[in-house]
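Hello,

Here is the structure I promised to pass on. Please have a look, then read my notes below.

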Amino acid sequence: QVYHRLVERNPQWGEAWFRLGFVRFRQGDYRGSAHAFDRCLSLRAVWIEAAYNAGLARWRLGDLHAARRAFESVLESQPRFLEAMRALGAIAIAQADFRAALLFHRRLVELGDRHPAILANRAVLERLCPHPPAADP
């Protein structure tokens, strides 16, 4: 309630919108969370954490296309943001876009992500895509 009151009193305060989005996300209010993160982003040209969290909220809402756009915007600003890349790989798998998923998983490994799930997914994706993709998704 504190952040809700803060944004009511000062709707131009991006930090309060960001915190409200985080609180709403933790409470399972993904629609409210996405709205708060969007509002935060509208007040500041680039706030990577807000864009990433808006993507997470949209993903939880089942809006994979909007989530994918949010995570892609994160990578446009910070190409080595591994969490966004992991999310994009998972979404690509969920959308049966295995070539794009393979590219994300290969890039994660190139950047040093050696998590067993990433390595296992990459191995499966390599078998699913006999002709490897040549460019970024």
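**Leu75 and the cores**

Leu75 touches Phe81, Ala84, Met85, Leu88 and Phe104, leaving aside residues up to four places away in sequence. Keep in mind that this is a predicted model.

Leu75 also belongs to the largest nonpolar core, which has 29 residues. Within that core, Tyr52, Phe71, Val74, Leu75, Phe81 and Ala84 touch the most other members. Five helices each supply at least two residues of this core: α4 (48–61), α5 (64–77), α6 (82–94), α7 (98–110) and α8 (116–128).

**The chain as a whole**

The fold is helical: 8 helices and 0 strands. Along the sequence the pattern reads α-α-α-α-α-α-α-α. The C-alpha atoms fill a box of roughly 55 × 25 × 25 Å, taken along the principal axes.

The protein chain has 137 residues, and 41% of them are buried. Take the contacts with a separation of 6 or more: residues 24 or more positions apart account for 45% of these. The chain exposes about 7,900 Å². Carbon and sulfur atoms supply 52% of that area.

On charges, there are 20 positive and 14 negative. Their mean positions are 3 Å apart.

**Two residues to look at**

Start with Asp113. This residue is found in the loop between α7 and α8. Is Asp113 buried or exposed? Asp113 counts as buried because its relative accessible area is 5%, and the cut-off for buried is under 20%. The Asp113 side chain makes a polar contact with the side chain of Arg86, at 2.7 Å. Arg86 is also on the list of residues that Asp113 touches, along with Leu108, Ile118 and Leu119. That list does not count residues up to four places away in sequence.

Then turn to Ala123, which sits in helix α8. Its relative accessible area is 34%, so Ala123 is partly exposed. The range for that label runs between the buried limit of 20% and the exposed limit of 50%. Which distance separates Ala123 and His105 in space? The value is 9.4 Å, C-alpha to C-alpha. In sequence, Ala123 and His105 are 18 residues apart.

Over to you.

Best wishes

Notes:
Residues are numbered from 1 along each chain as its sequence is written. This is a predicted model: local features need pLDDT of at least 70, side-chain atom pairs count only at pLDDT 80 or more; totals for chains, interfaces and linings use all residues. Side-chain values use heavy atoms; hydrogens and water are left out. A nonpolar core is a set of buried Ala, Val, Leu, Ile, Met, Phe, Trp, Tyr and Cys residues joined through side-chain atoms within 4.5 Å. Buried means under 20% relative accessible area, exposed over 50%, partly exposed in between (1.4 Å probe, protein chains only). Helices (H or I, at least four residues) and strands (E, at least two) are DSSP runs, numbered from the N terminus. Contact means heavy atoms within 4.5 Å. Accessible areas come from the Shrake-Rupley method with a 1.4 Å probe; for residues, only the protein chains shown count as cover. Lys and Arg count as positive and Asp and Glu as negative; His and the chain ends are not counted. The place of a charge is taken as NZ of Lys, CZ of Arg, CG of Asp or CD of Glu. A polar contact is a pair of N or O atoms within 3.5 Å; within protein, one must be able to donate a hydrogen and the other to accept it, and residues adjacent in sequence count only if both atoms are side-chain atoms.
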